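Subject: Structure for you to look at

Hello,

Here is the structure I said I would pass on. Please open it beside this message and follow along.

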Amino acid sequence: MKRPQLKPGIHAVGAIDWDRRLFDSLIPLPDGTSYNSYLVRGSQKTALIDTVDPAMDTVLTGNLDDLKVDNIDFIICNHAEQDHAGSIPLILDLYPGSKVVCTPKCKGMLMDLLHLDEGLITTVNDGDSLSLGDRTFEFIHAPWVHWPETMVSYLKEDKVLFSCDFFGSHLAQSALYVQDEGQVYESAKRYFGEIMMPFRTNIKKNMERLKGYAIDVIAPSHGPVYDRPEFILESYRHWVYDEPANMVLLPYVSMHGSTKDMVDYMVGALVERGMNVRQFDLTVADPGKLAIALVDSATLVLATCTVLGGAHPLAANVAFLANALRPNLKYATIIGSFGWGQRTIEQITGMLTNIKPEVLPPVYIKGSPTENDFAALDALAESIAQKHRENGYK
Ligand code: FEO
């Protein structure tokens, strides 16, 4: 198959994984993903930027064969994680004489993870250049997007930024460039929520750093290439800089209907007071959709029944995930019903140690809800609305 080119001599040689449905053994991939790798030919040297997940290494080598590549001088490794670096050993075998180029921190990780020979790795400092003859890379260290060793590679003459995971999306598509910005927005936001959100502070620094570069194209290592970089840059600006929206995330789990009755009432009470609500049934919820909602939500109302005296495991899982993803949540509370005893509130609030939201008084009741309980939910909804108003959340 003829490989698409970003520009003359810059070829996409990675793999589209249409059928993958789970990443990190955790996150659903409703639209598959891709492992993008790029071959850059200069007048004197040739570089390969990142490789692919080893499960699809034959796609990469087949693409290189199609292009009749008989020599690779540099394998630029922006990130050591195996979905990009995992096929480096194979490429080194097939193209002896090639050198791996990466950050000093990445070098150690490649040796640990892939057992690469130290002598095959050349490290580059922040701002270093690498000439291919008529083309020049500048390496920009960009730590914590999303591992400590990450960098991005800027091809100066072509104004192409090879960003690896940074700005990526889990989306399989046959076209090289973004076709439908709405679809990519959702995929990129899912990716941001799951992978990048915990490192928002570092991402801000890296975004500031990139302001100094003229960028025509952003070529990530997951999902389509951006020929309108402002689309994804602007999206990232919203996700990392904006205050949360006037939105309540309401995941719930209910066994016999009491907690669900409270959820139904609470959703109405919140909506009546002008807030947007994202409600998720945790028995079927996609954790990626939860992550997307966490990017914007100001408040978490976690609704859970009690199992064996404590939180339902599905609710505990949400608290654990939210705490790990470090969203910009400002407020949290718990609603639900218990039968004969409960440690739910202390369990859930004790799991939010990273994000430390202000915990609003829970409405956690014995048995099925009464009129008094619904009135308490109204009061809770009113206090959330007041907090949102005070902060000017829109
Ligand atoms: Fe796509 Fe962090 O690997």
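**Parallel strands**

Valine 101 has threonine 122 as its bridge partner in strand 11. Please keep in mind that this is a predicted model. Strand 11 (residues 121-123) pairs with strand 10 in the parallel sense, over 3 bridges. Strand 10 (residues 99-102) is also joined by 3 bridges to strand 9 (residues 74-76), and these two run parallel. In that pairing, valine 101 in strand 10 stands opposite isoleucine 76.

In what order do the 5 strands of the open sheet lie? The order is 12-13-14-15-16, and the pairing is mixed. Strand 12 (129-131) and strand 16 (217-220) stand at the edges; each has a single partner strand, so one side of each is left without a neighbour in the sheet. On average, neighbouring strands here are turned by 25 degrees against each other, with direction ignored. Strand 12 runs antiparallel to strand 13 (residues 136-141), and 3 bridges join them.

**Aromatic rings**

A search of the whole structure gives 15 aromatic pairs. A pair of aromatic rings is described by two values, the distance of the centres and the angle of the planes. For phenylalanine 166 and tyrosine 236, the ring centres are 5.8 Å apart and the planes stand at 75 degrees, so this pair is edge-to-face; the cut-off for that label is over 60 degrees. The pair links distant parts of the chain, with the two residues 70 residues apart. Phenylalanine 166 sits in the loop between strand 15 (160-164) and helix 5 (181-196), while tyrosine 236 belongs to helix 7 (residues 229-241).

Are phenylalanine 166 and tyrosine 236 buried or exposed? Both are buried. They are also members of one aromatic cluster, formed by Phe166, Phe167, Tyr185, Phe192, Tyr236 and Trp239.

**Glutamate 181**

Glutamate 181 is placed in helix 5. Its relative accessible area is 30%, so glutamate 181 is partly exposed. Glutamate 181 and isoleucine 232 are 51 residues apart in sequence, and their C-alpha atoms are 9.1 Å apart in space.

**Pockets**

Rolling a probe the size of a water molecule over the atoms shows where empty space is left. The largest pocket holds about 340 Å³ of space. Its lining has 24 residues, and Arg3, Gly14, Ile16, Gln173 and Ser174 are the ones nearest the centre. Strand 3 (15-17), strand 6 (33-35) and helix 1 (57-66) are the elements that give two or more residues to this lining. By class, the lining of the largest pocket has 15 nonpolar, 8 polar and 1 charged residues.

The second largest pocket holds about 230 Å³. It is lined by 17 residues, with Met255, His256, Ser337, Phe338 and Gly339 nearest its centre. Here the elements giving two or more residues are helix 8 (258-272), strand 20 (306-307) and strand 22 (331-338). How many charged residues are in the lining of the second largest pocket? There are no charged residues, but 6 nonpolar and 11 polar ones.

Regards

Conventions:
Residues are numbered from 1 along each chain as its sequence is written. This is a predicted model: local features need pLDDT of at least 70, side-chain atom pairs count only at pLDDT 80 or more; totals for chains, interfaces and linings use all residues. Side-chain values use heavy atoms; hydrogens and water are left out. On a 1 Å grid over the protein atoms alone, a cavity is a set of points where a 1.4 Å probe fits but cannot get out, and a pocket is an open set with protein on both sides within 12 Å along at least five of seven lines; lining residues have an atom within 4 Å of a point. Grid points are joined across faces, edges and corners, and a volume is the space filled by probe spheres set on the points. Helices (H or I, at least four residues) and strands (E, at least two) are DSSP runs, numbered from the N terminus. Ala, Val, Leu, Ile, Met, Phe, Trp, Tyr, Cys and Pro count as nonpolar, Asp, Glu, Lys and Arg as charged, and the others, Gly among them, as polar. Rings of Phe, Tyr and Trp (its six-membered ring) pair if their centres lie within 6.5 Å; planes under 30 degrees apart count as stacked, over 60 as edge-to-face and the rest as tilted. Buried means under 20% relative accessible area, exposed over 50%, partly exposed in between (1.4 Å probe, protein chains only). Two strands pair if DSSP finds at least two bridges between them. Axes are lines fitted to C-alpha atoms, for helices over the stretch in contact, and angles run from 0 to 180 degrees between N-to-C directions.
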